[in-house]
Amino acid sequence: MIKKTVANVREACEGIEDGMTFMLGGFGLCGIPENIISELVRRNVQNVTCISNNAGVDDFGLGLLLKKHQIKKMISSYVGENAEFERQMLSGEMEVELIPQGTLAQRCEAARSGIPAFFTPAGYGTEVAEGKETREFHGKMYVMEKAFEADFSFVKAWKGDEAGNLIFKGTARNFNPAMCGAGKITVAEVEELVPAGELDPNQIHIPGIFVQRIFQGEKYEKRIEQLTVRKRN
Amino acid sequence: MALTKEQIAQRIAKEVKDGYYVNLGIGIPTLVANFVRDDISVEFQSENGILGMGPFPYEGEEDPDLINAGKQTITALPGASFFDSAMSFGMIRGQHVDLTILGAMEVSQNGDIANWKIPGKMVKGMGGAMDLVASAENIIVAMMHTNREGESKLLKECSLPLTGVNCVKKIVTNLAVLEIKDGKFHLLERAPEVSIEEIQQATEGDLIINGEIAEMKF
């Protein structure tokens, strides 16, 4: 067994530098690497590019980095929930690249899998395709999209073991698996870290080969963005 | 009478057939789930990674790890499955999802759709809409016939940045059900007590009216 455990979030984030590109898992506030985001805020790393489906809310998730003006560029598919984000984008303080959600996921997956580029129908005929190669396959038009290049992938899983194997829960899985192994170094934070052998190999979602560092997060707030419930009769 | 948002959803629900996997967008499309007949089997896909999405949880049973693409807390029905975003969009681009229902700011008569950006004003992003409209064979747009200023949303050409080209085939608005064919809007049904003239006035694009146009039935 190749051991991937590090003591804590500080050790897990060793080597991060200003100007780097990070991938961060999560959909809205669901399945985001909360402890790592707090550490990025604490370290006050500057001028970073963040690849993340969303940008958090004003006071949680990536919104915390936004507030401190640590982000130079965001690559996302949907940023509707964050007023400060919209302000920084419209004022030009922050560069933003909005891309289709499936393209975002596939550019991660491609980076992980050694595929430099691929063709997708998403965005053909729109401003997303401007300046990109397009090609016809079987009578339909496609746009060439390239794999991401990132320095770190920061992901969050439900359970993990010392070997870096990961299991996700519910829809907190989202972008996390595709980002594992997509950056040069993948750091996984988990709610529960167990010794090797305790997780059933049949149930592993992401094998440890894609994870370089793993630690158990100190605490999880797991904030709900839109609480919707129904009444019992 | 023009339809309410609930009635638009109710009319669209009639298009949902037994055995369909359906992706619902945010807004009116979300309401469609409430009106699907009980005697057919349908599974709802949410692109953040669930098939077999159920209703909102009972108070106190909400799970922060279980949300839909609108970030609302939901439940999973028996037979549900979870998957990652790359696989989710594999389902969508690979045309495994049978029906996509989404909202729009504008639709043009050749089937172009705009629903993600108003330059200089509203920039929220396209989310999964571009992947959905570029891939789905069967797309229904749910929207009001006109915008808040009373201007038509069914146009000769979209004025806003496009989400997809040549992809919309059916539209259900508060006034009518329309089909897009041969680069024109074709009126199929009208809302109860809404006249053809009213629909014509609210439609900027070319509108084809062939024979008697029946009122919608629910």
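1. Helix H5 (residues 101–113) of chain A lies across strands E5 and E7 of that chain and runs at about 155° to E5(A); helices (H or I, at least four residues) and strands (E, at least two) are DSSP runs numbered from the N terminus, and angles, from 0 to 180 degrees, are taken between N-to-C directions of axes fitted to C-alpha atoms, for helices over the stretch in contact, where contact means heavy atoms within 4.5 Å. This is a predicted model, in which local features need pLDDT of at least 70 and side-chain atom pairs count only at pLDDT 80 or more, while totals for chains, interfaces and linings use all residues. Residues are numbered from 1 along each chain as its sequence is written, chains are lettered from A and ligands numbered from 1 in the order in which they are written, and side-chain values use heavy atoms, without hydrogens and water.

2. In chain A, 3 strands form an open antiparallel sheet in the order E5-E7-E6, two strands being paired if DSSP finds at least two bridges between them. Its edge strands are E5 (117–120) and E6 (134–137), and 4 bridges join E6(A) to E7 (residues 140–146) of chain A.

3. Asp98(B) lies in the loop between helix H3 (85–93) and strand E5 (99–102) of chain B. Because its relative accessibility is 30%, Asp98(B) counts as partly exposed, the class between buried (under 20% relative accessible area) and exposed (over 50%), with a 1.4 Å probe and protein chains only. The side chain of Asp98(B) reaches the backbone nitrogen of Tyr21(B) at 2.8 Å, and Asp98(B) also touches residues including Gly19(B) and Asn138(B).

How values were computed. A polar contact is a pair of N or O atoms within 3.5 Å; within protein, one must be able to donate a hydrogen and the other to accept it, and residues adjacent in sequence count only if both atoms are side-chain atoms. Lists of a residue's contacts leave out its neighbours within four places in sequence.
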